[in-house]
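Keep the sequence and the structure at hand while reading.

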Protein chains: 2
Amino acid sequence: MKRIAIDMDGVLADTTAQFLQYHERETGIRLAAAAIMGKTESIAFPNVYKWVNTEGFFRHLPVMENAQEVVQRLNERYEIFIVSAATEFPNSLIDKQAWLKEHFPFISWKNIVFCGSKTIIQADIMIDDHFKNLDYFKGETLLFTASHNAFADNGRHRRVDTWLEIEKILLI
Amino acid sequence: MKRIAIDMDGVLADTTAQFLQYHERETGIRLAAAAIMGKTESIAFPNVYKWVNTEGFFRHLPVMENAQEVVQRLNERYEIFIVSAATEFPNSLIDKQAWLKEHFPFISWKNIVFCGSKTIIQADIMIDDHFKNLDYFKGETLLFTASHNAFADNGRHRRVDTWLEIEKILLI
C-alpha cells in the first residue's frame, strides 16, 4: 500500500481564507484574491507571524473544499499520514490535533506527524503547497496551488488546484 | 552527514525513574529495580496510562545520565532529529517541547518530530527502547536498555545500556 504524506496548512486547511479574514478584521479592508496572488504570505499579510502564534488560530481554520471526502476515500486505498511543519509554532500543536480530530476523525493519532523539516519524511507521494518541502522529497510530488506559489514553477512538481483534481489523479 | 533519529521517553528522558517515583507517591512502596525488570510498563505500573495523560508528567522528567553532553557532541558530527511517538498523548506535546527547550536547547524546532507510528521516519541510525519502532526501521538500530526490554532480544538490534556506550559506538 503506497503511503501519502499530506500537508495541513494551505492543503487541508484554508489558511489563506483565514488570513484574509484576519486582515479585514484588523484593517477594515477586504483584499481581493488578485491582490495577494504570487506574493509570499509575509508580504501579502505583514501581521501573519503574529496571527499564527496566536492561540486558537489553527483551531478555527476552514476546511479546504472537498478535502474531507477525498482524503477519506484516499484512506481506503493508501496509507495516509498528515504531516505538518508545526514545531515552529509551539502553540499550534494542541489546536492542530483538535482540528484534525474534528474534521478528519478517521485519521488515527498513529498517522499524524508534527515536525519542522520534512526531509525526515519517508513516503511515496507528498501533497504540499511549499517548494521547500517538495524539493527534498524523493517520491511523487503534488504542488497544491496557493496564492503564494501561484506563479512559481521549477518544473519538478505536478500542480493541482483542487482536491477533486487530486482525486482524479490518485483514485480514478 | 548521517542522520540519527533519537527517541525521547526511556532514551533522553528517564521515564522509569519518574514511574518509580509516582508509584511510591501513590502506594508508599519503593519498588526495587529487580521488581520491574523484564515487565512491560503497564504490567510494572498499573496506573501508567493515567500518569502519562496527566498534564505536567512529561515536563518534569529527569534527563537520562550523560544524554545532554553526548547528544551535543553527536550534533556536531551528525544530523540529529528528536523523534517522539507523542501524538498518542495529546497533552504531552506542549510539555515535551518545553522539556527539550530546557534540556536540549541546541536542538532546533526544525529537528523535532512528534508522531505516532515511526515507520514514516527516514534516517540512517535510530536509537530507541522499543522493538515496535526499531523493527520497521531500515537503517542501523541501537536498542537502549530499559526495564521493559531488559530480557528481550530478537537478534536484530545492537543493545546499548548508557549514553557513554553510544558515544563510543558513534563518536570514537
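Q: Which residue forms a salt bridge with R3(A)?
A: In this predicted model, R3(A) lies in strand β1 (residues 3–6) of chain A. Its partner lies in strand β2 of chain A, so the pair ties together parts that are 76 residues apart in sequence. The closest N and O atoms are 3.0 Å apart, and a salt bridge needs them within 4 Å. The partner is E79(A).

Q: Is R3(A) buried or exposed?
A: Buried means under 20% relative accessible area. R3(A) has a relative accessible area of 11%, while its salt-bridge partner E79(A) is partly exposed at 26%. R3(A) is therefore buried.

Q: What is the N to O distance in the salt bridge of E24(A) and R30(A)?
A: E24(A) counts as partly exposed, at 32% relative accessibility. R30(A) is partly exposed too, with a relative accessible area of 47%. Their side chains meet in a salt bridge, and the N to O distance is 3.1 Å.

Q: How many residues apart are R73(A) and E167(A)?
A: R73(A) forms a salt bridge with E167(A), with the closest N and O atoms 2.6 Å apart. R73(A) is partly exposed at 35% relative accessibility, whereas E167(A) is buried at 14%. The pair links distant parts of the chain, helix α5 and helix α8 (residues 163–171) of chain A. The two residues are 94 residues apart.

Q: How many salt bridges cross the interface of chain A and chain B?
A: The interface brings 23 residues of chain A into contact with 23 residues of chain B. The area buried between the chains is about 2200 Å², of which carbon and sulfur atoms give 60%. W109(A), I120(A) and Q122(A) supply 31% of the area that chain A buries against chain B, more than any other three residues. The number of salt bridges across this interface is zero.

Q: How many disulfides are there over all chains?
A: A disulfide is a covalent bond between the sulfur atoms of two cysteines. The sulfur of C115(A) has its closest cysteine sulfur in C115(B), at 9.4 Å, which is too far for a bond because the cut-off is 2.5 Å. C115(A) is buried at 0% relative accessibility, and C115(B) is also buried at 0%. The count of disulfides is zero.

Q: What span does helix α6 of chain A reach from its first C-alpha to its last?
A: Helix α6 (residues 92–103) of chain A has twelve residues. Its buried residues include L93(A), W99(A) and L100(A). They pack against elements of chain A, among them α5 (67–77), and against α6 (92–103) and β3 (112–115) of chain B.

Q: How many residues are in the largest nonpolar core?
A: In soluble globular proteins, nonpolar side chains tend to be buried together. In the largest core, L12(A), I127(A), W163(A), L12(B), I127(B) and W163(B) touch the most other members. A second, separate core of 26 residues includes V113(A) and V113(B). The number of residues in the largest core is 89.

Notes
Residues numbered from 1 in each chain as written. Chains lettered and ligands numbered in written order. Predicted model: local features only at pLDDT ≥ 70, side-chain atom pairs only at ≥ 80, totals over all residues. Heavy atoms only, no water. Buried < 20%, exposed > 50% of the residue type's maximum accessible area, 1.4 Å probe, protein only. Helix = DSSP H or I, 4+ residues; strand = E, 2+ residues; numbered from the N terminus. Expected span 1.5 Å × (residues − 1). Contact = heavy atoms within 4.5 Å. Core = buried A, V, L, I, M, F, W, Y, C linked by side-chain atoms within 4.5 Å. Buried area = accessible area lost by both parts, 1.4 Å probe.
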